[in-house]
Structure formats: C-alpha cells, structure tokens
Amino acid sequence: MSKKLQGNGIWEASRMMLPQHKESINRYRLELEKRTKPILHEDEWEIIFQNINLSLLQQERVIVTIFGECINLEIEGVVTNVSQHLKKFKIENEEGYDWIDFNEIVSIKIK
C-alpha cells in the first residue's frame, strides 16, 4: 500500500499553500514585530529641544532617531528651520532636507 494512504499521508503528500494564506501569515508576522512608541520624560524633551536649538544656532550636526513600528530610522544633518506652528523642524544633509515631526522623535544627539 502507498504511504499516501497510511495515517496522515494524504495531507502530508499534498502540501500546498494558497497565496491568501501566505499573505495572512506574513501580515501576522509583521504584527508581531510592531512596537509602541516610547513615552519621553520631560527631561528628555528638554535635552531634545536644547540639541535642536544648538544645531539651529551654531550649525552643529545632529543625529535624529525617528520612531518606526519595526525599526527606528536615524537621520544626520543640521537643523535649519523650526516651525512651532506645524510642530516640525527641517534638517538638511548632503541628500537634501527632511521635515521631521516632533511627535516622531525618539532622541537627538549632537555628533
């Protein structure tokens, strides 16, 4: 008798995954890797604003860490503009510039 007909052989011999199942598994894995943004203490915000001000006034290069659901992003450059109305600041580097929202910041370090 064939192995396919013994025990769990029918299911073992015909392993197949539908594209919908594969997409569902991939989405589930991404959901497991998601993180929540850390809540920054007032002292951390004070350090962040001091470093932004230092970069803006003295053209110091900074490394800005931006929160990402799976991995944090780091941008290096010089702060050239701060918009308190929009709650964003502009950072320029060799590739161009980026506007960064204050709510996305995890940390800012002077390089």
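**View 1. A patch of negative charge on the surface is formed by Glu 42, Asp 43, Glu 44 and Glu 46.** Patch members have over 30% relative accessible area and no salt bridge, and like charges are joined within 9 Å. A salt bridge would be a side-chain nitrogen of Lys or Arg within 4 Å of a carboxyl oxygen of Asp or Glu. Glu 46 belongs to helix H3, residues 42-58; helices are DSSP runs (H or I) of at least four residues, strands (E) of at least two. Its relative accessible area of 47% makes Glu 46 partly exposed (buried is under 20%, exposed over 50%, partly exposed in between, with a 1.4 Å probe and protein chains only). The model is predicted: local features need pLDDT of at least 70 and side-chain atom pairs 80 or more, while totals for chains, interfaces and linings use all residues. Residues are numbered from 1 along each chain as its sequence is written, and side-chain values use heavy atoms, without hydrogens and water.

**View 2. Trp 45, Phe 49, Phe 89 and Phe 102 make up one aromatic cluster.** Rings pair when their centres lie within 6.5 Å; planes under 30 degrees apart are stacked, over 60 edge-to-face, and the rest tilted. There are three aromatic pairs by this rule. Trp 45 and Phe 49 are stacked because their ring centres are 5.7 Å apart and their planes at 25°. Phe 49 is partly exposed at 42%. Phe 49 and Phe 102 are edge-to-face, with centres 5.5 Å apart and planes at 70°. This pair links helix H3 to the loop between strands E4 (96-101) and E5 (105-110), 53 residues apart.

**View 3. Gln 59 has a positive phi of about 55° and is not a glycine.** Gln 59 sits in the loop between H3 and strand E1 (61-66).

Terms used:
Patch = residues over 30% accessible without salt bridge, like charges linked within 9 Å, V, L, I, M, F, W, Y side chains within 5 Å. Areas by Shrake-Rupley, 256 points an atom, 1.4 Å probe, with all protein chains shown as cover. Lys, Arg positive; Asp, Glu negative; His and termini not counted. Charge placed at Lys NZ, Arg CZ, Asp CG, Glu CD. Phe/Tyr/Trp six-rings, centres within 6.5 Å; stacked < 30°, edge-to-face > 60°.
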